[in-house]
Amino acid sequence: MVGIHMSVVTLRRLTDVKMIPCITLHRRLVCLHRAVGAVRWRSSYKQVPLLTATPVRALIDEPISIKGHFLTPHSPVTLCAQMHCEDGDLWEAFAHYNTNADGTVNLSRDHSVGGSYLGCAPMGLFWALQPAPGEREGLRLRKKNIATPYVVHMSLLDGHVTPRERQSAELAAVTTERWYVAPGVKRIDVRQNGIVGTLFLPPGRGPFPAMLDLWGMGGGLIEYRSALFASKGYASLSLAYFGHKDLPAPQSSINVGDAYFKSAYRLLQDHPQVCADRVGIIGLSFGVYLTLRIAIHIGVKPSCLICINGPVGSTIKLLDQDGRTESFGSDQKYWMYDDQGHVSFRDISLPANLSSESKVKIENITCPLMYIVGEDDLSSSSIENANLIEETLKAAGKSQLFTHLSYPGAGHLIEPPYSPNARTSLWSVKPKKLITLWGGHLAPHAAAQEDAWKKILDFMETNLRR
């Protein structure tokens, strides 16, 4: 090893030499500061535009925060959302914004000046989704497989442009997932004693309050609302009663009666993870008639009822007193067509047009009832049916049981919030192609869904938990 020896004097000389430039530089900076004020050091590096969505994974009814960062101040930009449904069709929405002085755009704060919607709409890119130009006619967005999310690709584009110009104008992008089912929710196929349905149970051991979930004459087994209820802490049984391969044929008519619905209610009520005395029923469209019929005619005692845009009696001729019906479409006397040939079923459900033997005895209701009306409903006479229920309960001294929500500009299909509305959709292809009218205008319908969902959950909380 070679030893190194350095005297103290030598070390001091080296130190003095190195320190002189530093001291001189400091003195010069102080003088400069006094002469012109604080010095700002600028970097030539410019941050690239950034689009954020928080959180990127959320339940379908949960709002997310969408922001653009590091943009040119006071410049036009476009926000675009695109997704493919499970059938492969492209849905899209877009909105034009102008960035702020700080080079940002914030959908919770800023107003769209053009595109799919106008004004401040934090979730507009979701509820304004519509089939892209050139896609099939008559599409309606409905989740079939709740085990997968909707995957929505969001783009930040330069200028006020359309989605067709996305590739050449994209500044930034982010992908979000929208789920109907929370982690830990259990999905159970039900094929028991002839019952066809799907039971959803929240995470945990329970017991849980529960909902029996009924849809309309579109038929099949619709699961996504029940999955969302379970994600909120409610057991929920989505029940098929029409148009399903596992039900008695033919699929064009209702071939199950009161005993079927009673068995389904009992199955849910008797489940070991369900609070037997805290079971409600929800129905949309024809499901409203079934909800009311179950509550009054078949000897069960639900804790609450939620009815969305439906009739107090059967819109299809009954074959027997047990509730079985003729084929839907066998009587088209009250079908109405617009100038494009689209059909409205609204007049079928006018109380005056319902058969007297099918009408539910509303005065016998004994539990709280919420009725939700879309005032632009083109598929059901919801206003008239809601008024009839209200008048009947008032005459019976039961006004305190009734909650009436009514939404201008909302259509028939009031679903969980931020779901895009279909004003029309394909109803059938045989014996002929038929497009049906549902009604509803995008912005007021979206506002109705958001408000109604909050009030549905509050109503359930009040009547099933407290």
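The chain has an accessible surface of about 22200 Å², and 55% of this belongs to carbon and sulfur atoms; the areas come from the Shrake-Rupley method with a 1.4 Å probe, and for residues only the protein chains shown count as cover. The model is predicted, so local features need pLDDT of at least 70 and side-chain atom pairs count only at pLDDT 80 or more, while totals for chains, interfaces and linings use all residues. Residues are numbered from 1 along each chain as its sequence is written, and side-chain values use heavy atoms, with hydrogens and water left out.

Of the 466 residues in the chain, 52% are buried, where buried means under 20% relative accessible area, exposed over 50%, and partly exposed in between (1.4 Å probe, protein chains only). The chain holds 8 helices and 22 strands, taken as DSSP runs numbered from the N terminus (helices H or I, at least four residues; strands E, at least two).

Helix H1 covers residues 8-36, and Lys46 is found in the loop between H1 and strand S1. Lys46 counts as exposed because its relative accessibility is 63%. Lys46 lies 24 residues from Phe70 in sequence and 8.5 Å from Phe70 in space, C-alpha to C-alpha.

Strands are said to pair if DSSP finds at least two bridges between them. Leu51 stands opposite Gly68 in S3, and Ala53 has Ile66 of S3 as its bridge partner. In a regular strand the side chains alternate between the two faces of the sheet. In S1 the covered face has Leu51 and Ala53, and the uncovered face has Leu50, Thr52 and Thr54.

Helix H4 (residues 224-231) is largely enclosed by the rest of the structure, because 8 of its 8 residues are buried. Among them are Tyr224, Arg225 and Phe229. Gly233, which follows H4, has a positive phi, near 100°.

Rolling a probe the size of a water molecule over the atoms shows where empty space is left. A cavity is a set of points, on a 1 Å grid over the protein atoms alone, where a 1.4 Å probe fits but cannot get out; lining residues have an atom within 4 Å of a point. Grid points are joined across faces, edges and corners, and a volume is the space filled by probe spheres set on the points. There are 7 cavities of 30 Å³ or more.

The largest cavity holds about 120 Å³ of space. It is lined by 14 residues, of which Ile60, Leu141, Tyr150, Ser419 and Pro420 are the closest to its centre. The lining of the largest cavity has 11 nonpolar, 1 polar and 2 charged residues; Ala, Val, Leu, Ile, Met, Phe, Trp, Tyr, Cys and Pro count as nonpolar, Asp, Glu, Lys and Arg as charged, and the others, Gly among them, as polar.

The second largest cavity has a volume of about 80 Å³. Its lining includes Trp215, Arg225, Glu415 and Trp453. Helix H8 (residues 442-465) gives the most to this lining, with 4 residues. By class, the second largest cavity is lined by 8 nonpolar, 1 polar and 2 charged residues.

Methods. On a 1 Å grid over the protein atoms alone, a cavity is a set of points where a 1.4 Å probe fits but cannot get out, and a pocket is an open set with protein on both sides within 12 Å along at least five of seven lines; lining residues have an atom within 4 Å of a point.
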